[in-house]
Amino acid sequence: MDALGLLNYALFILILAGIYGLMALGLNVQWGLTGLFNAGIAGFFAIGAYASAILTGPAVAGRVGGFALPVPAGWLAAMALAALLAWPIGRVCLRLRSDYLAIATIGVAEIIRLTIRSEDWLTGGVRGIAGVPRPFGDLPYLTAQLAYLALVLAVVVVAYRMMERQLHSPWGRMMRAIRDNEAAAAAMGKHVERRRLEAFVLGSALMGLAGALFAHLNRSITPDAIDPMIVTFLVWIMLILGGSGNNRGALLGALVIWLIWSLSELATDRLPTEVAIQAKYARMFLIGLALQLVLRFRPDGLLPEARRTRPRTQDHP
Amino acid sequence: MIRKTLLVAATAAALAQPAVAQDARIGLLFGISGAISAMSPTMVEAARLAIEQVNAQGGILGGRTLVPVLGDSGCNPQNATDAASKAVNIDRVLAIVGPSCSGAVLAAANSVTVPAGVTIVSPSSTSPQVTKLADKDLVFRTVPSDAYQGAALARALLARGVRTVAVTYLANDYGTGLGESFKAEFEAHGGKLAAYQAHDGAKASYRSELSRLARSGADTLVIFDYGDGTGLTILRQALENGFFRNFVGADGMKSEAMIRAIGAKNLGTLLVSAPVGAGDAALEIFRRDFTARGGNPDGIFATTSYDAAFLLALAIEHAGGDRSKIAASLRAVATAPGEPVLPGEWAKAKKLIAEGRDIDYKGAAGDHEFDAHGDVPGTYALFRIAGDTFEAVTRME
């Protein structure tokens, strides 16, 4: 192990943590701020990944493609399409209460996954799409990773700033009011359904963008990348562990969970094969254990949502 | 929190320390968790057999130990890139056997191993997408692309006078690839597909699918699936209900677990195609050695996993441990001409390499004459069941 290798590995971890962080930010708008239980993150991730891959990728016989749009256009389209898809889903599903919304979104994500697997003319079916361009991908290994990390971080920082502004704006206060007491917010004249739809669409657009970032990183996207186990549930754990309702918590949770996930394998590699094969499964157990411990000892997450515990004005007796 | 992160990082660094300078490391990335987890243990064991033989016969690069680094590529891009990044950057492996699944190979090659200049040999990725990868000649396979086997099977059936068949294939990379290439070749040479449909994995019953296939009138059913998975269910239910008389499968169906579950006497009308080594001697040596070690030589991708590890060991020795020369060396040791080397003949190969002679590895799964894309054409035979095992009937062209 040398310093250069360690650096390359660290860059790689940060890139993936950034992509997952973006999804956690999106989920934070939906769950942390608005209380929408979206269990279909993988679906929106997939829409974004495939949209950008199809629009920027090369032409292949028997499949829609060859538009060769510039990468930023692909990323914008990924957000737009994920948002566009979230809109009708939200219109139909957001009238359901939390657990029913979760079931509906799981169903939608599964429909998306099966559609992608079977519609060869659009998505390449089970073989997916290869040859997706990667920005700065032709540079040497270290520089290419640095450049891509800079891109991902820039996207994450912009998204984070926007989410923070939203959180502290009147819109953010209204969302929390709706989350905490829907009836009261409605009585105050707030349009509950429309606000929920806004949060749902906004969060889904971020998930779509994360999908696009992931597809371009690997220059390919295949249906096995949209397994709910490693997209939806991992993102949920990240947000819960980091602290739902807190954007910094969402990002921290993404980093911590990805570190546990990745570093724990280094430990299991040192074991003999027979044990090591079983120990690979212990990684999933570790993630679950981390979640249990956080829920037991810090139920609000590592960085809990900032709440006003005292009234703003203290001049009354 | 920062303290905790540092602690985790420090622990990992401490664990990574025992990297003794004298070791030569080789990465083994298999889909240990995930969709093909059932097949992985055998593949890992087969690759480890090759590494143990290297170490037992004098080691690599002048007496150094070849140390395997096992990673979980999970059959998905997220885990595969993560495992590859660790193998390449932290463990500093010289080359990698794996990853297992095609999506994992595409992602790991694109974002880690090709930029880092590390050679990978996948023993089980069969997607034609891997052929087209812009890989700077660093990505190889010891398993043929699906495009070959389906076509060869179609020609073999036509040669046996089978003109009309019904096809059902598992809706994944493997099944779809075989199905498509079989369909194209079978129809191009005058065969007729009475029915052609995909099925999803992990269902308890396929009776409705089977009855639909049976209504097509064909009496031969071609199943592209795994014999220790849903392929077994389909075959059993087709037999129980008398939907078809004859059955044909590809290498995934060449499973002894299936014979045990259904019984050899019920499988008299089953034919399966599977890759075979050019010299059956190579396969026999592998079977003997792997059985002696407690492995199942008929396990899916056991032979290709073994060959991938043994070939990379040869290439590392040939390249003198220089990461950047391993790909070129791999071509040199795998392709003709040269002194033939069979599985397990590490001491002999080492001596030949030291003498500067050209060698040509003849593997358990085939000759491994890599083409320009790093693919192998594969040689196949048709097998039928005799006693409790498979017996080759004819070679397929």
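**Note on the predicted two-chain model**

1. Two residues are in contact if their C-beta atoms, placed from the backbone, lie within 7 Å.

2. Conventions. This is a predicted model: local features need pLDDT of at least 70, side-chain atom pairs count only at pLDDT 80 or more, and totals for chains, interfaces and linings use all residues. Residues are numbered from 1 along each chain as its sequence is written, while chains are lettered from A and ligands numbered from 1 in the order in which they are written.

3. Chain A, fold. Chain A has 12 helices and 2 strands. These are DSSP runs, numbered from the N terminus: helices are H or I with at least four residues, strands are E with at least two. The order along the sequence is α-α-α-α-α-β-α-α-α-α-β-α-α-α. The radius of gyration is 20 Å, close to the 20 Å of the globule rule for 317 residues, so chain A is as compact as a globular protein of that length. That radius is taken over C-alpha atoms, and the rule is 2.2 Å times the number of residues to the power 0.38. The C-alpha trace spans about 70 × 45 × 35 Å along its principal axes.

4. Chain A, burial. Of the 317 residues, 51% count as buried. Buried requires 20 or more other C-beta atoms within 10 Å of a residue's own; exposed is 12 or fewer, and partly exposed lies in between, with C-beta atoms placed from the backbone.

5. The A–B interface. Here 39 residues of chain A contact 46 residues of chain B. Elements of chain A giving two or more residues to this side include helix H1 (3-33), helix H6 (141-168) and helix H12 (273-297). The chain A side divides into 20 nonpolar, 10 polar and 9 charged residues. Ala, Val, Leu, Ile, Met, Phe, Trp, Tyr, Cys and Pro count as nonpolar, Asp, Glu, Lys and Arg as charged, and the others, Gly among them, as polar.

6. Helix H8 of chain B. Residues 230-241 form this helix of 12 residues, which reaches 17 Å from first C-alpha to last, close to the 16 Å expected at 1.5 Å a residue. The expected span is 1.5 Å times one less than the number of residues. Its buried residues are Thr230(B), Gly231(B), Ile234(B), Leu235(B) and Ala238(B). They cover an arc of only 140° around the axis, which puts them on the same side of H8(B). The arc is that of the directions from the helix axis to the C-beta atoms. Their cover includes strand S6 (164-170) and helix H9 (256-262) of chain B. Gly242(B) follows H8(B), with a positive phi near 65°.

7. Backbone points to check. Most residues other than glycine have a negative phi, and most peptide bonds are trans. Phe136(A) is not a glycine, yet its phi is positive, about 60°. Phe136(A) is partly exposed, with 13 other C-beta atoms within 10 Å. His368(B), also not a glycine, has a positive phi of about 55°. His368(B) counts as buried, with 27 C-beta neighbours inside 10 Å. The peptide bond from Gly98(B) to Pro99(B) is cis, with omega near -10°. Another cis bond joins Ala336(B) and Pro337(B), with omega about 0°.
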